[in-house]
Amino acid sequence: MLTTASLTMLGLVIAVAGCWGVLALAFSGPQSETVRSSLAVLFGVVSLMAIIGLGFPHVRWGALAAYFALFALLMVWWRGIEPSNERDWQPDVAVLPYAEIEGDIVTVHNIRNFDYRSETDYTPAYYDKRFNLRKLEGVDLVAVYWMGPAIAHIFASFAFAGGDHLAVSIETRKEKGEGYSTLKGFFRQYELYYVVADERDVIRLRTNYRNDPPEDVYVYRVQGPLVNVRRVFLEYMSKINKLRDHPEFYNTLTTNCTTGIWMHTLVNPEHLPFSWKILASGYVPEYTYEAGRLDTSLPFSELQRRAHINARAHTADGAADFSRLIREIPEIAATDPPQAAP
């Protein structure tokens, strides 16, 4: 005989499964909105009936068996949803990058470098470039804030001798007319996309053109052996090649900008352990600093002030040496107030 505690636990399991099933059907169900909504409501009603059935011993086991059989069918349908590279994509994510690797020479194709007039008005442009891994000098952690200190978009930018930089931002691949929703990101609504871009594109877009809401961008140089940076760079290249042939879904919690970066760093034995600060992505720079992977000769508040590049990016704008200019730290008088943290 089931105890009250066991029944309560079963009820909670059904409630959670029911909520998940309702949202999965509502977001990822049949193309018809009417059919999706009807199926979602029906599954919600069935879940509620199963919970009520727990209170009646003569129907309890039959209700449980029927409900979990239905949930098993739902999971079969869910697992059958496949990602695709063949959709009507928004122009900024329409072209897939890829890399050819021959020893120390990596040729990256379709590096994005749009000519922006506003966030949504731009001329698409791409180029190919060869990178020599023997000239890899480091990697920068780029943090973008727009809604307080706890949430940020994090991406990496690899630095090569001669002032070359290659930025790689892990994002959602949206179709035309599709917006981003954190909730929808849990339900296989977006394919995973690696924006491989010139910094004049992916950084300048955020500092100079996004105004609703405005975004604050911080660039931190990561400290560590170059052999580790090389491994991570090659992991990135391997992933973008894989996505070209085998698309994957983005997931708000498990497959996003920060978890993706952390997963790539697992190639190094000295990788950072997982932390809640990786999920609360705005704290990733602070976590990296605490682990000694940023410049610890300065207090974090001062390092953060120096890392803030919006003003320098506005001044540099479309300059050919944009990457150099945004990293030039102006001398600040001792009486000047520090830049406020996001």
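The model is predicted, so local features need pLDDT of at least 70 and side-chain atom pairs pLDDT 80 or more, while totals for chains, interfaces and linings use all residues. Residues are numbered from 1 along each chain as its sequence is written, and side-chain values use heavy atoms, without hydrogens and water.

Helix H1 covers residues 4-28; helices here are DSSP runs of H or I of at least four residues, numbered from the N terminus. Buried residues of H1 include Gly 11, Ile 14, Gly 18 and Leu 25, where buried means under 20% relative accessible area, exposed over 50% and partly exposed in between (1.4 Å probe, protein chains only). Their cover includes helix H2 (33-53) and helix H3 (57-79). The axes of H1 and H3, lines fitted to C-alpha atoms over the stretch in contact, with angles from 0 to 180 degrees between N-to-C directions, come within 11 Å and cross at roughly 35°.

The structure holds 22 salt bridges, each a side-chain nitrogen of Lys or Arg within 4 Å of a carboxyl oxygen of Asp or Glu. Lys 277 and Glu 290 form one of them, at 3.0 Å from N to O. Lys 277 lies in helix H8 (residues 276-279) and Glu 290 in helix H9 (residues 284-290), so this pair ties together parts 13 residues apart in sequence. Lys 277 is buried, at 11% relative accessibility.

Arg 306 and Glu 302 also meet in a salt bridge, at 2.8 Å from N to O. These residues are 4 apart in helix H10 (residues 300-307), about one helical turn. Arg 306 is partly exposed at 33%, whereas Glu 302 is buried at 19%.

Key: Helices (H or I, at least four residues) and strands (E, at least two) are DSSP runs, numbered from the N terminus. The expected span of a helix is 1.5 Å times one less than its number of residues. Contact means heavy atoms within 4.5 Å.
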